[in-house]
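Reader: Hi! Could you take me through one part of this model in detail? I would like to look closely at where the two chains meet.

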There are 2 protein chains.
Amino acid sequence: MNNQYNIVFQPSGLRGKVDEDATILDAARQLGVSLESVCGGKGNCGKCKVQIEEGHYDKYHIESSFSAVTTKPETNTKFLTKEQIKHNYCLACQTRIHGDVVVFVPEQSRKGQQVVRKEATNRKIKLNPAIKKYYVELTPATLHDAVGDYERLLDQIEKDHMLTGLSMDYPVLTRLQGIVREGDWKVTVSVWQGKEIIGIEPGQVKKGFGLAVDIGTTTVAGYLCDLTTGEVLATESMMNPQVAFGEDVMSRIGYATKEKNGLKKLNDAVIGSLNEIAENACKRAGIKRSDIIDVAVVGNTCIHHLFLNIPPQYMGRSPFPPAIHHSVDVKARDLGLHLAPGAYVHVLPNEAGFVGADNVGVLIAEEPYNQDQMLLIIDIGTNGELILGNRKRLLSSSCATGPAFEGAEIRHGMRAAAGAIEKLKIDPKTKEVQFKVIGNDKWNTEDKNIGARGICGSGIFDAAAQMFLAGIIEKSGRINMNIKSPRLRQGEKEPEFVIAWADETAINQDIAIVQKDIRAIQLAKGAMYSGARIMMNRMGVDKIDRVILAGAFGSYIDKTSAAVIGLFPDCDQKFVYAVGNAAGDGARMALLNKDKRDEADYWAKRVEYVELTLEPNFNKIFTSALAFPHAADKFPHLKNLLP
Amino acid sequence: MNNQYNIVFQPSGLRGKVDEDATILDAARQLGVSLESVCGGKGNCGKCKVQIEEGHYDKYHIESSFSAVTTKPETNTKFLTKEQIKHNYCLACQTRIHGDVVVFVPEQSRKGQQVVRKEATNRKIKLNPAIKKYYVELTPATLHDAVGDYERLLDQIEKDHMLTGLSMDYPVLTRLQGIVREGDWKVTVSVWQGKEIIGIEPGQVKKGFGLAVDIGTTTVAGYLCDLTTGEVLATESMMNPQVAFGEDVMSRIGYATKEKNGLKKLNDAVIGSLNEIAENACKRAGIKRSDIIDVAVVGNTCIHHLFLNIPPQYMGRSPFPPAIHHSVDVKARDLGLHLAPGAYVHVLPNEAGFVGADNVGVLIAEEPYNQDQMLLIIDIGTNGELILGNRKRLLSSSCATGPAFEGAEIRHGMRAAAGAIEKLKIDPKTKEVQFKVIGNDKWNTEDKNIGARGICGSGIFDAAAQMFLAGIIEKSGRINMNIKSPRLRQGEKEPEFVIAWADETAINQDIAIVQKDIRAIQLAKGAMYSGARIMMNRMGVDKIDRVILAGAFGSYIDKTSAAVIGLFPDCDQKFVYAVGNAAGDGARMALLNKDKRDEADYWAKRVEYVELTLEPNFNKIFTSALAFPHAADKFPHLKNLLP
């Protein structure tokens, strides 16, 4: 057995023993310490900064007599200031334990409770659920007619409801006779897709309940629905607990592939979160978990694989084939979900590579295949997904925007949690900044001590757009140091523009946008823009009639900021819509209307996937798309706005 | 928490703590002490006699200062001699523990290792298994053709083998991509019933393995078969561990219904035995348990329900409807069987009431529906099952023979274990007895000290027949005390005839057949005979062309003894056949040929079940059938034999 050492985390006081050579991040996960880790422990994001308080650490620049921890020098140079290094800061994921140690987790490294913004929308959904209930009254068995309950039941269902050839799920069979007698020979059966009896209840029961689930990379949302009315009885959401193993899908694929029991841990995490969501939603609605007789799930291809316990390693590397495109129907019990014993889980189909079931959810919610107008649907997340087309033809693609829009790889970036700057304006003349943080209704001009902790995605959009419009950054993205403003200064390594002064924050530091942040935003929005452009070329169109911003994030960004930085090609602002969590809506539709499941399988197969990296001019198109809003393209609809 | 007391069993020395008020039988089960219990603890069989060695027990006839155990006086009077009572004997199931105690388990109460006689027979079986294997070579994925593995595989199967509309079992999906790459894009899939991919292996694999299982009330037998040749690679059998909870089906139904977790215990027991049989058979054949891709199971209706974890309570009381007649296909994993992850278990259909899947096994093995001759098929077990008919019409019935044929309710009865007298002859003149015991090739005339422990079923048949032929018992069954023989004597309560003298036994007591034993045999054989007679009346025939003795037991009894005591109506001895374990053969056929499954479902539905107790003349017919061989019927084929 390995040596074990004591570790204490401050200020939480959480403590325990960990094996020699474990990283501080491992220890934090093991002890339940809230610690940011956007990259999942690869040393790429710099978000898990901690301070070694006791014990010493043996680095090239620290003299110590013994080694409580060792760390990799190169990551320090990259993510830590000299000041921080002097005060024993290090990255938790790159620092291994070789002795007893006390670790301080500074405010900005603690994981905030993300604000979950995945409310169900008010779309009208036609009701035709996959599960239907049938009531039958049986003739009691006698010595002269002692036929078995199964045959008696099937016979009566055929007589009363003209359903033939039904099979019966095994758990129903084990409970059949008891329930028939409990109901005094009157029972209600739940039939899945007109084929299989998946549930049985005594007496006459009309209500039935289902759960639509949108598993996002960051957030899991569940919508408990009444299958007879379509009503959403409860919405429950929580952080996807897989975040602890890597914030983006590539980190999770890496974790699942390389770590011991990695896939099992990721799968257990998401299954556990669904059980919890189901439990909470049922409590809220006053029903039991075993009343849930159907489930529909969307998620991107990686999430899809992890949810189904399918190793994601092959879809994580070229040529990126998923295990399956087609929708999957699997018994909830086979997944470890504790719902009605016979319940199925319907997982919507994947399109291709990283364009997964969540995008299909958007597809069946927005139905571009029933439109004449040329639509561009943008689902902004850690991965960007794009659909272009109309009833004649549909293209899809995905682009790695990176986590910049979610606040990662941004010096003061953070998730949309309390304290995040979510909106901001810059006066083009004075260059003064007004901003608003999540959890506080006031702008900083009204309340100086506003408690900002960082900037989240929508704030980053605004920052880039406003800095561009105020001339602080040039078309090329370069920060223009000729501008006169106390907020504009040369930082330790690069130019930076202060958004919030230390006294407006909860972290006692100036919150600034640095040159590298702008570069990250350019890469992200450039990927999105060039994806749309390549698809337009492939489609042979040079004009988009409508832009649909899908995804919860799309509802919170400022449409104009998005247009100004050049997230998508020119379009009339009147025809840019945010439709909220369309993926979740798609899941709800598939739950409530089985025809939507067929529609999903039909269209998932027919959407032509465009592999952007195979486009011969990709680099050229991408490079032009890095500029604000674009190096060459015209934006007639923005002509009054752009400098 | 209850008080706990120490209990020690002798001579095994097994010891442990048990809760106050537990019975000695409970304690024996808990500590793994081998102790007979035919009735499952109801105090009806008298087989669990034990002797209290230390501690005292407080009964009306024993003076004691304190009570280590208490027992029910009435059971003692019924099953114990005065001598035994004086020496602190009691029934373990009726005696509760209230203090520390030492218990001696006498030889005749120890459970013998039953001789398992369920070898597979040499029937020719046409091969057409439900699982077929298909080999396909896939085109590797590229960036230009990155379609998912599932779609790629289905496409190739359709092209190469013209199989369409295949579904894929969930565990296969989780392993799909890894196996495709392990096999370098060449794989073999196992397809169930032309519908579902239930397994996948890298490369080309031709062999496939299946397990046919005959779950008897007393014995579980498994036949590991090569699905490509039909060969039986290994036969494994063991006592059905449910025996510990009751030896006959009614006791087990009682246990499942009344005891806490009773069903679960019975189900766990039989599932555990199947896992063990599978493991042992695979070891013997040099394969892995996960190589077993198909299973076919037969058992009587009660066993069928307990195996499928279906509460048997309703089929245990009038009007006795089973949960299901139709065959059941259920995933092995849903039953807790550890075989190939996607394997199905096919459980053959039930006919009616107590005529279960085992009888259907006999039916498809013997195929009376393809014969012109009038067949009577008798399956002798704890329950007797009868089939009468030919290609024109088939009747079935079941009769409660009671456990007499298996040695229960017989003073010196025992199972077919080492030491059981299995054959015997009585000289009509001298009334001297020759017998042979299991585990010893010699007859007692060659080796006086032969170590008999009791009499098993085939020995009981012989004893009744030989005593009748020797005039020791009359046609009415009464022991004729006028016969002069030192073996014939008045016992404590009733007349008895000594089969083995104490010095020929391992228990140091004379082994005798008592008047009550003869009555038990009469009831058992009378039930069988009258069942056959009522069916013949219903069929409108007065002659049987062939009698088939099915069941392992049928192979070990003497045909002539069976005819002489009147187990079945008159038939030419040339046309009385023992066919061995036909139920097990039926399971093997269903495993190897899926058409036999359809045949089973087809005929199980068409066999007309005759509820014997509804027959108006039942009592009259039954009473006449009690006589040896019958009160009124003629036996032209036995005329040279009968007195």
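How many residues of chain B are in contact with chain A, and how many residues of chain A do they touch?

Author: Happy to! Please keep in mind that this is a predicted model. On the chain B side, 39 residues make contact, and they touch 39 residues of chain A. Together the two chains bury about 3300 Å² between them, and carbon and sulfur atoms contribute 64% of that area. Three residues stand out here: L143(B), Y170(B) and Q177(B) provide 20% of what chain B buries against chain A, more than any other three residues.

Now for the polar side of the picture. Between chain B and chain A there are 20 residue pairs in polar contact, with both partners at pLDDT 80 or more. If you look at which elements of chain B give two or more residues to the side touching chain A, you will find α4 (149-161), α5 (170-182), β16 (328-331) and α9 (332-335). Of the side of chain B that touches chain A, α5(B) gives the largest share, with 7 residues. Sorted by class, that side of chain B holds 22 nonpolar residues, alongside 11 polar and 6 charged ones.

Charged groups also pair up across the interface, where 2 salt bridges are found between chain B and chain A.

Key: Residues numbered from 1 in each chain as written. Chains lettered and ligands numbered in written order. Predicted model: local features only at pLDDT ≥ 70, side-chain atom pairs only at ≥ 80, totals over all residues. Heavy atoms only, no water. Contact = heavy atoms within 4.5 Å. Buried area = accessible area lost by both parts, 1.4 Å probe. Salt bridge = Lys/Arg side-chain N within 4 Å of Asp/Glu carboxyl O. Polar contact = N/O pair within 3.5 Å; in protein donor to acceptor, adjacent residues only side chain to side chain. Helix = DSSP H or I, 4+ residues; strand = E, 2+ residues; numbered from the N terminus. Nonpolar A, V, L, I, M, F, W, Y, C, P; charged D, E, K, R; others polar.
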